[in-house]
Amino acid sequence: DVECIISSPLTRALQTAKLCFDGVAHPEGGIPLIACEHWRETVNFLSDVRRETGFLRTEFPHVDFKYLVHDDDPIWAKYEDKFGDHTEYESIRESGDGIALEKRTRAAWKFVTERPEKSIAIVSHSAFFMHMFTPHFEELEDIVSYEDNDVQWLMTSSQFENCELRSVAFEVP
């Protein structure tokens with residue numbers, strides 16, 4: 001049984017979490033549903049921008065947003081400062097930044113390990129999972145290790161599909 005739900009703070013992930021866990025998720029009394037910036041989609045295109053936290057709180061009152069430090073989207077702002085806005089630069093941003101992805105991926109797992117719950121559902125995004133489980137950068141290669149080749153094949157042989165569920169058991173090193 002799921003004891004906690006951690007979701008990306010992007011609207012599409014929060015909507016998925018609400019649909020999947022409707023009636024059981026609530027920050028006070030029930031299974032906590034927590035928005036966590038670390039589990040969001042890779043920040044590349046305009047569709048990857050997070051809406052303001054105040055707006056999200058109004059639209060998703062059942063979600064705990066206390067871990068979102070900034071009202072605006074700090075990761076988008078970082079890459080907008082580096083590359084320009086979406087009309088000036090239309091290529092990948094964070095997906096080309098192995099060091100930043102490595103830091104965020106480690107922070108995402110750290111967030112999970114610091115939770116008291118043992119059975120946690122995570123609602124995130126395919127590109128972020130791809131970088132985590134099938135690393136394309138040397139910096140990401142030691143974040144996830146697999147028990148055996150069968151498990152590795154199961155997690156890496158195909159892309160995550162929209163709304164796909166996969167179970168992952170992990171041990172803290």
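Colleague: Which residues are buried in H5?

Modeller: This is a predicted model, and the helix in question, H5, spans residues 126–133. Six of its eight residues are buried, so H5 is largely enclosed by the rest of the structure. The buried residues are Ala127, Phe128, Phe129, His131, Met132 and Phe133.

Colleague: What covers the buried residues of H5?

Modeller: One contribution comes from H4, whose Leu101, Arg104, Thr105, Ala108 and Trp109 meet Phe128, His131, Met132 and Phe133 in H5. By class, this contact has six nonpolar, two polar and one charged residues. The cover of the buried H5 residues includes H4, S3 and helix H6 (149–156).

Colleague: Are H4 and H5 roughly parallel or roughly perpendicular to each other?

Modeller: Two packed helices are described by the angle between their axes and the distance between the axes. For H4 (residues 98–113) and H5, the axes are 11 Å apart and the angle is about 95 degrees. Angles of 65 to 115 degrees count as roughly perpendicular. H4 and H5 are therefore roughly perpendicular.

Colleague: Which element gives the largest share of the largest nonpolar core?

Modeller: This core has 20 residues, and those that touch the most other members are Ile6, Trp39, Trp109, Met132, Phe133 and Val144. Two or more residues come from each of strand S1 (4–7), H4 and H5. The largest share is five residues, and it comes from H4.

Colleague: Which residues is Trp39 in contact with, leaving aside its neighbours within four places in sequence?

Modeller: Trp39 is one of the core residues that touch the most other members. Its contacts include Phe128, Phe129 and Met132, which are buried residues of H5.

Colleague: Is Trp109 buried or exposed?

Modeller: Trp109 lies in helix H4. Leaving aside neighbours within four places in sequence, Trp109 is in contact with Trp39, Met132, Phe133, Ile143, Val144 and Phe170. Buried means under 20% relative accessible area. At 14% relative accessibility, Trp109 counts as buried.

Colleague: How many Å apart in space are Trp109 and Phe170, C-alpha to C-alpha?

Modeller: Phe170 is among the residues in contact with Trp109. The two are 61 residues apart in sequence. In space, C-alpha to C-alpha, Trp109 and Phe170 are separated by 9.7 Å.

Colleague: Which side chain makes a polar contact with the side chain of Glu117?

Modeller: Glu117 is placed in the loop between H4 and strand S3 (120–123). Glu117 is buried, with a relative accessible area of 14%. Beyond four places in sequence, Glu117 is in contact with Glu3, Cys4 and Pro32. The polar contact, at 2.9 Å, is with the side chain of Arg115.

Colleague: Is Val49 buried or partly exposed?

Modeller: The position of Val49 is in the loop between strand S2 (33–35) and helix H2 (53–59). Its relative accessible area is 27%, and buried would require a value under 20%. Val49 is partly exposed.

Colleague: How many Å apart in space are Val49 and Asp73, C-alpha to C-alpha?

Modeller: Leaving aside neighbours within four places in sequence, Val49 is in contact with Leu10, Arg40, Asp73 and Trp76. Along the sequence, Val49 and Asp73 are 24 residues apart. Their C-alpha to C-alpha separation in space is 6.7 Å.

Conventions. Residues are numbered from 1 along each chain as its sequence is written. This is a predicted model: local features need pLDDT of at least 70, side-chain atom pairs count only at pLDDT 80 or more; totals for chains, interfaces and linings use all residues. Side-chain values use heavy atoms; hydrogens and water are left out. Axes are lines fitted to C-alpha atoms, for helices over the stretch in contact, and angles run from 0 to 180 degrees between N-to-C directions. Helices (H or I, at least four residues) and strands (E, at least two) are DSSP runs, numbered from the N terminus. Angles under 35 degrees count as roughly parallel, over 145 as roughly antiparallel, 65 to 115 as roughly perpendicular and the rest as oblique. Contact means heavy atoms within 4.5 Å. Ala, Val, Leu, Ile, Met, Phe, Trp, Tyr, Cys and Pro count as nonpolar, Asp, Glu, Lys and Arg as charged, and the others, Gly among them, as polar. A nonpolar core is a set of buried Ala, Val, Leu, Ile, Met, Phe, Trp, Tyr and Cys residues joined through side-chain atoms within 4.5 Å. Buried means under 20% relative accessible area, exposed over 50%, partly exposed in between (1.4 Å probe, protein chains only). A polar contact is a pair of N or O atoms within 3.5 Å; within protein, one must be able to donate a hydrogen and the other to accept it, and residues adjacent in sequence count only if both atoms are side-chain atoms.
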